[in-house]
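Student: I'd like to go through this structure with you, one question at a time. Could you show it to me before we start?

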Amino acid sequence: MPIFDQGYQHWTGTLAGHRWRWLAVSRHGVRTLRKSWVVRIMLFIAWLPALALVAALTLWGLLEQQAATVVAFLQRIFPPEVIASPQEYRSAVWTVAYSYFFKAELFCALFLVLTVGPSLVSRDLRFNALPLYLSRPVRRIDYFVGKLGVIAYFLIATVIAPAVGAYLLGLAFSLDLGVVRDTHRLLWASLGYGAVIALSAGTLMLALSSLSRRSIYVGLAWAGFIFLGHMVSTIMMGVQGDIDRREIVQTGIKQWVEKNPPPPGVEMYGPYPSFRGRVSREKGKEPTAEEKAREKWMNGWSQAHGDLQTQVETKRAEQAPTDWRPLLSYATNLDRMGDWLLDTDAAWVTLGKTVERPRAMAGPLARNQGIQISTGPVNDRRLADRMAWQYPWYWSAGVLGGAWLLSVFVLTRRVKSLDRLK
Amino acid sequence: MLFRLSGVTKTYGRITALRDLSVAAAPGAVGLLGPNGAGKTTLIRTLLGLIGFDSGTGEVLGLDIRTRRLDIRQRVGFMPEDECLFPGVPGVGFVSYAGELCGMAPADAMQRAHEVLNYVGLDEARYRRVESYSTGMKQRLKLAAAIVHDPQLLILDEPTNGMDPAGRQEMIDLARDLSHGKGMSLIFSSHLLPDVEAVCDHLVVLGRGALLAQGGIQELKKAHPNSFDVRVKGEPEPFLARLRAAGADGEVRDDGLRVRLPDGATPDLIWRTAAALGEQVRHLRPHRSSLEDVFLEAVGD
């Protein structure tokens, strides 16, 4: 018996309207999940890429101010024209830094969703909590949005908040308001990309969570969907790339060998030559005619092989815009949306131009030195083709949109109203 | 008016759950009775605006059911029959969350949760996770969650299900206190007639989705002026035969006779018949319907 029992007292406070009712659901979910030490650790880990982003933006800010130690450090990485006028490459470097940050955060975000999401609907189904929600002034849409809000909260905390924080810090270290003019696009792109990740991954996880009353199965389904899909996509792309490479290199080398038969002692294993004999020469001793012929032949093979590799690269670049295999990976689809929103491709083209002319000049010189540098003509898109996804962004938007619609359908089927017979 | 339904029909496919139902109740404690499948749960869900209906009109607390569903649910507290919980929270978190879902500010909801948990007798268990509560504690927790926002109307669906006798009595006492002591209107749906009789003043009896009986419990348990329950010392059959010969009617029951006197006759006829037979009357009182009689008569059993 309480010491001071007033019995039942009427309550005279004011009840809020219905518009923000979903917020109560989100607030409760966040409150409950924030107590989990696993979630706290994941939040901590998810902030680490932000530190790297801050460091990158700060370094660039110091380079723009021509800080001696930073210039000395960065001139080993960047071409001289970039070091000489870093302001011109500010937008491209910030974009690439944000691109890498989001790639890391995407990985963290998918793990975080795995940590916070599986129990959101499945436990409500297991403990039959839906009548408690729906018999109060809460609609199904409030319930869905409220649960999505829980995932969105954690993704905002790990994706958007660090991106914005890093932006402000980068701005502070640049000491130049022109940064805002050059890079404000990244801020909006970060918000947009964060919203895409939260909406897509959140709805997908809620749909999976509604399919089982046991959150462990939901977690396994999410992990399978994300990681198996990515694995299948990567393997298929690798296999296709290997097929193309073999086709071009083997055919080309075969034709070259027919025109240039290998010298005595050299045997071909597929497209690769093998010499069974002594390769090293005694110091000061002139090479024999046979050795000279072999060296000449080997240089010819190396040049032919290099040219064929360039052909492989060109073919891959031609095929990339129509390659559907990346679509099998959910993470890649999100990554592609990030590339589009950040305009990563243009940033890589800008940076690619600074390295492409030196590469084109160095290639032929390095050919006879045994250094593998592509020998093709100047191609300003070479770096962008390698570093950014080239298939149309709307393919990924379509896949993510389809997954979202399917998720909403599953949710509405699994989380039913009470207008049915039991 | 607490609620009013007019010509409401609700079907689930080929099954008609409510059949042209017209019923109204004034503020107070209303008992909802009916056999399984009578439409009690459908009626409650209709009143809460949880389900749509095919035809008819209705209002609860003066609010139209079709257009003001959320407003109705904000003014009504509902304690569902099923075992249902917000998982992973302590008792006080459960009740305060229920308050927040009704529109209370978090701080208000938490303060109010402590108050109502004291009221329902869960003050000692408020920080335990709800999954560890016993059945009786869960029922009281659901009651606390239903009254946290101080509703004008409280709907209790089988509130004493699964409770031991002491817990059941506590739940009845709480329901009666809320309805008669605190002025909260109540709809009390139960299979247990003594529970309904202990809590409610009015009764609505449903059967196959239609209204079978309705009214104040004391009115329904009416006295029958020409009908008497009689027990005699000897065999009841000869006594009844003699009464029939005198123009009365009746039947032998487990505990004696139920005698219906002809119009204009008085109990004196029973005494005179006993005297004539040399029989001793051990018990004589006017017949009054019990709630069970009312229920069985209404459902036609």
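Student: In which loop of chain B is B:R208 found?

Tutor: Keep in mind that this is a predicted model. Phi of B:R208 is near 50°, a positive value in a residue other than glycine. As for its place in the chain, B:R208 is found in the loop between β9 (202-207) and β10 (210-216) of chain B.

Student: Is B:R208 buried, exposed or partly exposed?

Tutor: Count the C-beta neighbours: buried takes 20 or more within 10 Å, and exposed takes 12 or fewer. B:R208 has 15 inside 10 Å, so B:R208 is partly exposed.

Student: Which strand of chain B holds B:D20?

Tutor: Most residues other than glycine have a negative phi. B:D20 is not a glycine, yet its phi is positive, about 45°. B:D20 lies in a strand of chain B, residues 15-25, and that strand is β2.

Student: How far apart are the C-alpha atoms of B:F53 and B:L18?

Tutor: Leaving out residues up to four places away in sequence, B:F53 touches B:V8, B:T9, B:K10, B:L18 and B:T46. Take B:L18 from that list: B:F53 and B:L18 are 35 residues apart along the chain, and their C-alpha atoms are separated by 8.8 Å.

Student: What distance separates the centres of the two domains of chain B, domain 1 and domain 2?

Tutor: Domain 1 of chain B covers 3-219, and domain 2 covers 224-288. Taken over C-alpha atoms, their centres are separated by 45 Å.

Student: Which element gives the largest share of the side of chain B that touches chain A?

Tutor: The contact takes 38 residues from chain B and 30 residues from chain A. On the chain B side, the elements giving two or more residues are α2 (69-75), α3 (91-101), α4 (106-120) and α6 (165-181). By class, that side has 20 nonpolar, 6 polar and 12 charged residues. The largest share, 5 residues, comes from α4(B).

Student: What is the radius of gyration of chain A?

Tutor: The C-alpha atoms of chain A fill a box of roughly 110 × 55 × 40 Å along the principal axes. A compact globule of 422 residues would have a radius of gyration near 22 Å, but chain A has 29 Å.

Student: Which residue in the hairpin of β1(A) and β2(A) takes a positive phi?

Tutor: Chain A has 15 helices and 2 strands. Strands β1 (residues 266-269) and β2 (residues 272-275) pair in the antiparallel sense over 4 bridges, and A:Y269 stands opposite A:Y272. The hairpin has 2 residues between the strands, and the positive phi, near 65°, belongs to A:G270.

Definitions and conventions
Residues numbered from 1 in each chain as written. Chains lettered and ligands numbered in written order. Predicted model: local features only at pLDDT ≥ 70, side-chain atom pairs only at ≥ 80, totals over all residues. Pairing = 2+ DSSP bridges. Domains from an automatic or database assignment. Contact = placed C-beta atoms within 7 Å. Nonpolar A, V, L, I, M, F, W, Y, C, P; charged D, E, K, R; others polar. Rg over C-alpha atoms; globule rule 2.2 N^0.38 Å.
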